[in-house]
Amino acid sequence: MNPAEQQYTHTAVAHANIAIAKYWGKRDEQLNLPLFDSVAFGVNDLCTQTTATWSDEATEDALYIDGWHVPLQRIERMQRMMDIIRTQKGWSKKCVLQSHNAFAHSSGLASSASGAAAAAYAMSCAAGLDLSPAELSVLARHGSGSAARSIHAGWTRWRAGSQADGSDSYAVQFASPDHWPLNVFVVQLSSARKPVSSTECMKQCELSPFWQTYCAEAFAAADIAQKAVTDRNFGALAAAAHHNAMMLHALIMSCPQPVCYFEPQTIAVVQKIFKMSTAIPVCCTIDAGPNVVVLCEDIACPFVKNEIMAIGVPFIQTTIGGGTKTAA
Ligand code: 2P0
């Protein structure tokens, strides 16, 4: 690399986040503007590290994931973020992203969130911009909606906002990771690419006969979830998380072209968690994929771990944390 370009390089690490009041449905597809607020927590151990380099010598923008060159037609969302920075800087430089995931991507483990958040942070720092957390959240949102929440550690709320340009649609942290140090089990039931992307499935869901009912429930979900977390009320958290996740999958299954993201073992894990949740502080959620994310308090942790091990499925045990920062 040309030594003069050294200053245009930066490496960032971002973490996945898991929503308990989920983002599903867009008011603007181009800008990734949601119809409803969502609430999520950052996850330690599920992370993406990305190095961004702005260059006059590169002939085109590029993204490499774990060394693999991603075709140009599949990095359009990354280029949206690059274009925002190019406009701000008055540059025509190209941007090269080298990205490494610490987990399987496109498997419903929210790698698009950590990927876009790490890219947003790395490319803005590499360009010498000192963006505020809100500005970073807006930039990351262009790469992937849920990435807006990965900028912060702990518990976040992404406000849908009302501005047409999306300037008020960003996430804020409302509780730090140590506000409520819950245990997290990420039960990985498949690392295969999703059969239908979230973006595509969201559009299909608007044609479900249950869409209006879903909207009415989803509108209230973020307030309910945030209150449960703020109050550290596990019973309320479990009720909110289970209702939200099951409602989402019922909607997804009721599209004109139905989608079922579950694997047989998804059901086995969920049924076990539901049963345990009547007696101990444990709950779960499922994103647009087959994997199950389990939350529990310390007192329930050994029991929950034993039960997951008894099903015989791979899992990661971790904690609430996450966020986006310069790589160490
Ligand atoms: C969420 N998901 O709140 C929901 C729950 C999946 C299920 O955000 O089109 O990849 O990039 O804005 O962010 C996944 O959607 O969608 C997602 P785009 P994204 O975490």
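1. Ligand shell, by class. The shell around the ligand has 5 nonpolar, 7 polar and 5 charged residues. Ala, Val, Leu, Ile, Met, Phe, Trp, Tyr, Cys and Pro count as nonpolar, Asp, Glu, Lys and Arg as charged, and the others, Gly among them, as polar.

2. Basis. This is a predicted model, where local features need pLDDT of at least 70 and side-chain atom pairs count only at pLDDT 80 or more, while totals for chains, interfaces and linings use all residues. Residues are numbered from 1 along each chain as its sequence is written, and side-chain values use heavy atoms, with hydrogens and water left out.

3. Polar contacts (pairs of N or O atoms within 3.5 Å). The side chain of Tyr23 places an N or O atom 2.5 Å from a ligand oxygen. For the Ser144 side chain the distance to a ligand oxygen is 2.8 Å. Gly145 uses a backbone N or O atom, 2.8 Å from a ligand oxygen. The protein covers 94% of the 470 Å² of accessible area that the ligand has on its own (Shrake-Rupley method, 1.4 Å probe).

4. Domains. An automatic or database assignment sets the bounds: domain 1 is 3–179 and domain 2 is 183–318. Each gives at least three residues to the ligand shell.

5. Domain interface. Here 33 residues of domain 1 contact 48 of domain 2 (heavy atoms within 4.5 Å). The two domains bury about 3,300 Å² between them, 65% of it on carbon and sulfur atoms. Buried area is the accessible area (1.4 Å probe) lost on being put together, summed over both parts.

Key. A polar contact is a pair of N or O atoms within 3.5 Å; within protein, one must be able to donate a hydrogen and the other to accept it, and residues adjacent in sequence count only if both atoms are side-chain atoms.
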